[in-house]
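We go from the whole chain to a sheet, then to single residues in loops, and finally to the spaces between the elements.

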Amino acid sequence: MPGERDPEPSLRSSLTPALDREAYVTDAVWDRERERIFGREWCAVARNDDLPSPGSYLRVELAGESIVLTRDANDRIHGFFNVCRHRGAELVARDGKAIGCVTGVIQCPYHAWSYTLDGRLRHAPFLPTLTNEEREEFALRRVEVDTWGGFVFVRLESAVDTGPSLADQLGPIPDRLVRYPLSELQRGASIRYDVGANWKVVAENYNECYHCGRIHPELCELVPVFRRGGGEALDWERGIPHREGANTFTRSGTTTRPPFPGLDADELIRHKGELAYPNLLLSLARDHVAAFTLLPTGPDRTEILFDLLFHPEAVADDAFDPADAFDLWDVTNRQDWAICESVQRGMSSRGFVAAWFAPMEDPSLDIRHWYEPRIRP
């Protein structure tokens with residue numbers, strides 16, 4: 001009838017519920033995540049050049065498990081639980097060097113059982129000579145290892161035939177980033193942050209820009225579209241435009257570093273972002289890539305390894321200085337970590353019942369679709 005119109009949507013009808021409160025604050029859910037997510041999914045833990053040569057080893061921590069990565073004489077990377085098969089001592093102790101190089105074997109500091117870089121038991125002092133079968137029987141317990149884009153991923157559950165490949169898990173991400181030379185890039189700057197927030201709070205915050213206008217004034221000076229409509233309808237697949245005259249994520253919006261070769265016209269002037277669940281966040285500019293590796297240590301704490309990756313020719317330049325990018329990223333990161341910690345404290349309150357997503361936070365909802373099938377029994 002004349003004068004009638006559709007009713008305005010209510011606030012409740014515009015919102016979508018988030019994960020249950022317990023998913024962010026309880027030990028019980030964290031224990032399930034350690035088993036069903038961080039025990040079964042491919043998780044990023046290092047860069048390929050953390051193991052630069054045969055004999056290199058690296059100890060990494062993932063959701064309460066200690067893992068040793070090695071590179072053997074054939075340039076293959078292996079992964080093992082950081083546990084001697086004799087009495088269970090850590091092969092690479094937490095009070096020792098987490099990274100280094102050995103001459104062919106890793107030796108347990110307790111009773112000197114030694115293992116080859118591919119995990120076979122090589123020598124057990126004062127015990128009978130080992131048969132080949134015994135070398136295999138008492139080999140280190142293996143974790144699966146694969147690489148993509150210069151990142152090293154591990155999967156703690158080693159039943160390869162029952163789980164997805166790393167390529168399956170990454171899905172379309174490699175194709176979307178095919179023109180970025182990720183596997184060639186080198187660290188130009190790195191910092192570890194200890195954040196008092198659940199890893200999912202960090203991931204969800206990364207996946208929306210409803211908060212950007214209030215939390216990131218410096219970032220929004222560089223990327224004004226982050227202020228518009230609460231960051232609604234951003235085209236992340238094409239990339240996000242900078243302000244006029246800017247083309248990269250630095251304080252000035254420019255840099256003397258050349259762009260990566262082979263980028264398309266959009267990638268030369270726009271910024272892209274990807275979240276490779278469960279724990280690798282990537283932000284890609286024309287001359288550098290910011291990589292966040294989330295290494296949760298409990299329901300309310302996440303260690304974040306932040307790497308700025310550059311083309312090796314840029315790093316080798318005598319004038320190389322990553323500060324123009326690092327300064328903006330560090331300010332932005334600390335703003336994010338502070339608000340994530342505030343969210344965590346709020347979620348832990350008895351006054352918090354449940355969270356909601358607004359329409360412009362649609363990308364954040366991905367975590368529910370990805371997470372819930374994996375966490376259920």
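Begin with the sheet residue Val60, which stands opposite Ile67 in β4; keep in mind throughout that the model is predicted. The two strands to select around this pair are β3 (residues 56-62) and β4 (residues 65-71), which pair in the antiparallel sense over 6 bridges.

Stay with β3 and β4, and select the loop between them, where Ala63 has its place. Ala63 has a positive phi of about 50° although it is not a glycine, and with a relative accessible area of 4% this residue is buried.

Now widen the selection to the whole sheet, in which 7 strands run in the order β2-β11-β10-β5-β4-β3-β6, with antiparallel pairing, and form an open sheet. Its edge strands are β2 (43-47) and β6 (99-101), each of which pairs on one side only. If you look along the sheet, neighbouring strands are turned by 30° against each other on average, direction ignored.

Zoom out to the complete chain, whose secondary structure comes to 12 helices and 18 strands. The C-alpha trace spans about 95 × 55 × 35 Å along its principal axes, and the radius of gyration of 23 Å agrees with the value near 21 Å that a compact globule of 377 residues would have. If you colour by accessibility, buried residues make up 49% of the 377 residues.

Phe126 lies in the loop between β9 (121-123) and α4 (132-137); it has a positive phi of about 65° although it is not a glycine, and with a relative accessible area of 86% Phe126 is exposed. Then move to the loop between β14 and β15, where Pro278 is found, and inspect the peptide bond from Tyr277 to Pro278, which is cis, with omega near 5°.

For the second largest pocket, with about 440 Å³ of space, select Glu208, Val343, Trp356, Phe357 and Glu361, which are the closest to its centre of the 19 residues that line it. Here α7, α11 and β18 (354-357) each supply at least two residues of the lining, and the largest share, 4 residues, comes from α11. The lining residues divide into 13 nonpolar, 3 polar and 3 charged.

Select Arg176, Leu177, Trp236, Glu237, Lys272, Gly273 and Glu274 to display its lining, of which the largest share, 3 residues, comes from β14. By class, this lining has 2 nonpolar, 1 polar and 4 charged residues.

Technical notes
Residues are numbered from 1 along each chain as its sequence is written. This is a predicted model: local features need pLDDT of at least 70, side-chain atom pairs count only at pLDDT 80 or more; totals for chains, interfaces and linings use all residues. Side-chain values use heavy atoms; hydrogens and water are left out. Two strands pair if DSSP finds at least two bridges between them. Axes are lines fitted to C-alpha atoms, for helices over the stretch in contact, and angles run from 0 to 180 degrees between N-to-C directions. On a 1 Å grid over the protein atoms alone, a cavity is a set of points where a 1.4 Å probe fits but cannot get out, and a pocket is an open set with protein on both sides within 12 Å along at least five of seven lines; lining residues have an atom within 4 Å of a point. Grid points are joined across faces, edges and corners, and a volume is the space filled by probe spheres set on the points. Ala, Val, Leu, Ile, Met, Phe, Trp, Tyr, Cys and Pro count as nonpolar, Asp, Glu, Lys and Arg as charged, and the others, Gly among them, as polar. The radius of gyration is taken over C-alpha atoms; the globule rule is 2.2 Å times the number of residues to the power 0.38. Buried means under 20% relative accessible area, exposed over 50%, partly exposed in between (1.4 Å probe, protein chains only).
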